[in-house]
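Student: Hi, could we go through this model together? I'd like to ask a few things as we look.
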Amino acid sequence: MSTEVAPSPGAPTGTARPARTKPPKDFDRPRFLKAFVGLFFLVLFVPIVLVILFSFNSSRSLQNFEGFSLRWYQEFFESESLRDSLIASVEIALITMVVATVLGTLLAYGLVRSRTRWSNAANVMMLVPLVTPEIVAGASALLLFTQIGLELSITTIILAHITFSISYVTVVVRARLASLGREVESAAMDLGATRWQTFRLVTLPALWPAVLAAGLLVFALSFDDFVLSFFTTGESPQPLPVRIWTQIRFGVRPTINAIGTFMLVISVLSIGLALLLPRLFGRKESGLKVLLGREAA
Amino acid sequence: MSENGAGSAIHFEAVTKRFGDAVAVDDLNLEIQRGEFFSLLGPSGCGKTTTLRMVGGFEQPSEGRIFLEGEPVETVPPYERNVNTVFQSYALFEHLSIEDNVAFGLKRRKVGKDEIRRRVAEALELVELHERGDARPRELSGGQKQRVALARALVNRPSVLLLDEPLGALDLKLRKQMQVELKGIQREVGITFLYVTHDQEEALAMSDRIAVMDAGVIKQCGTPEEIYEHPVGPFVAGFIGVSNLLPGVCENGSIRLADGSLCDAQVPADCAAGADVQLSVRPEKIAIDDEIEPGMVTVDGTVVERVYVGTSTQIIVELAPGMRLMALEQNWVRARSDDRWEIGNRVKLGWRPEHALVLR
């Protein structure tokens, strides 16, 4: 332990202690945590990677990869019923996205801007759809639709999807609106803008990234929703997730892998767009922050 | 001045504003002249911002009327009033460029494109930001944002500009600099400024007239000098500068202080003998020991604290328990450290009788 000995007075101190080559930065971040995180991602992604891999398998086998081919994608797109299901799913997701985004944004505006004694209660009530088990929401929607004699179809799926999506939009937009503050709107009116002009020219442009992000989130949620769709779907066309489930009951075909991969791509794309678009619109904040409601001050 | 204040920029006629049971502004009567730099000064919650918001149209008076250039405005919504506001938070439109921020008001008024361009350029020139017209608000510093907010309001040539603590978010140095600039800009454009602040120094530095408010009521209204030199009561004296209040009793033409000493002062004629009063002397009017001149009122005390504040040193002297005076010593008088009053020293303080105010 010669390096620990204090240098005698007057001796050059530079040589007494070896230069520190590595800052002691790991003491609060143990290595096993890194390993743990690695394991977590492995468990999370391996099944997904396998699905993607086997969607390109040339044989029927779900165990052995025998060669690259696009035959399952071909089968997917050539099957008329699957194509109808895909179109139905996209249609449901698009309509749900537009309607839920408009309604959710208006709801957020009302919740943030109104200051009555009911607004606190309304703010909490609005979260109920987020925590309601989907199976309960689905069963009650089915009950409602049959009670009022509404025939199950794409329309009923859309109604059910809109109902649960509004809350997501409201949560995202409300956070943004709260951070906008009232003075900006006062300033617009002070400068001669009417209430409607203020909303159109000042409030909406400021909310735009949040509205967009919320819309794409809703699209992704609606597109791959199974439980609600299952309860509220009609005979035909069924949305894709329900259709897959029906098909699996008659035996698993590798087409499932192709459909799964395809749906994954669409979901990832819409979430990715939700994260990226605010940046492309020249904002310096990331879409992640907008979605999580964490605004840069 | 005519009955409804046609010659004035703003005229408050018995204006009261209540929020539920709380009275924010209580029977306000005030006339602000055209071209005046008028400040509403007071602690937070005194009703000054509410008064401003009523002029802007964001609040309606519960009672009374407000006239803008002689016209009653109770039925006029904010976007049709010829006033503009500079907000404390700047409230710039983040999605618009600086130029578009400044042009916002003119576009709402359907001003021609060429004129908009010319006036926006003028306004940005006025606040020395003509080179940052394409920038976004987020790229500017706090002081620059404040100037944009000012240009955005002034470009509309309002009859009155309302400023709600516009310098509150700036640091001290920038604040001092902006005070000078604001005053210069106001002189240049000649628009009436109604300025709300809780900073007495700011109000003194910029205003033509100041109204000191407390609990919804104007305590005193006058020029900065009147308010500083002749405060009408303990609240105004205490709010503007350090007031050095000494309790005492009127006694035929002079004041008997609480410690028993008799003090020459200009006692108001209507102050009956035996009435409780407070004697106020500004710190810079107090002379210490060898600075005392003949004819001054003198008191004795002990130095209990000395605070070095750069240009001067504050010396706090206790005359009797609970009776303290603050005196200011310019630091050029005794710059050397071995020649100062130390804590515990006995000193004599003196001031001219006319510098002592008798407050009730």
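Student: How many residues of chain A are in contact with chain B, and how many of chain B with chain A?
Tutor: In this predicted model, 15 residues of chain A are in contact with 17 residues of chain B. Contact here means that the C-beta atoms, placed from the backbone, lie within 7 Å.

Student: Which elements of chain A give two or more residues to that side?
Tutor: They are helix H8 (182–190) and helix H9 (195–223) of chain A. H8(A) gives the most, with 6 residues. Helices (H or I, at least four residues) and strands (E, at least two) are DSSP runs, numbered from the N terminus.

Student: And how do the residues on that side of chain A divide by class?
Tutor: The side of chain A that touches chain B has 8 nonpolar, 5 polar and 2 charged residues. Ala, Val, Leu, Ile, Met, Phe, Trp, Tyr, Cys and Pro count as nonpolar, Asp, Glu, Lys and Arg as charged, and the others, Gly among them, as polar.

Student: What is the mean pLDDT of chain A?
Tutor: It is 82, and 83% of the residues of chain A reach 70 or more; pLDDT is the predictor's confidence in each residue, from 0 to 100. Over residues 1–16 of chain A the pLDDT is below 50, and this stretch has 5 contacts in the model beyond near neighbours in sequence. Where pLDDT is low, the predicted coordinates should not be read in detail.

Student: How many helices and strands does chain A have?
Tutor: Chain A has 13 helices and 0 strands.

Student: Over to chain B: in what order do the strands of the open sheet run?
Tutor: The 4 strands run S2-S1-S4-S5 in chain B, with antiparallel pairing. Strands count as paired if DSSP finds at least two bridges between them. S1 (residues 8–19) and S4 (residues 63–68) of chain B pair over 5 bridges, and Phe12(B) has Ile66(B) in S4(B) as its bridge partner.

Student: Which strands are at the edges?
Tutor: Strand S2 (22–33) and strand S5 (71–72) of chain B, each pairing on one side only.

Notes
Residues are numbered from 1 along each chain as its sequence is written. Chains are lettered from A and ligands numbered from 1 in the order in which they are written. This is a predicted model: local features need pLDDT of at least 70, side-chain atom pairs count only at pLDDT 80 or more; totals for chains, interfaces and linings use all residues. Two residues are in contact if their C-beta atoms, placed from the backbone, lie within 7 Å.
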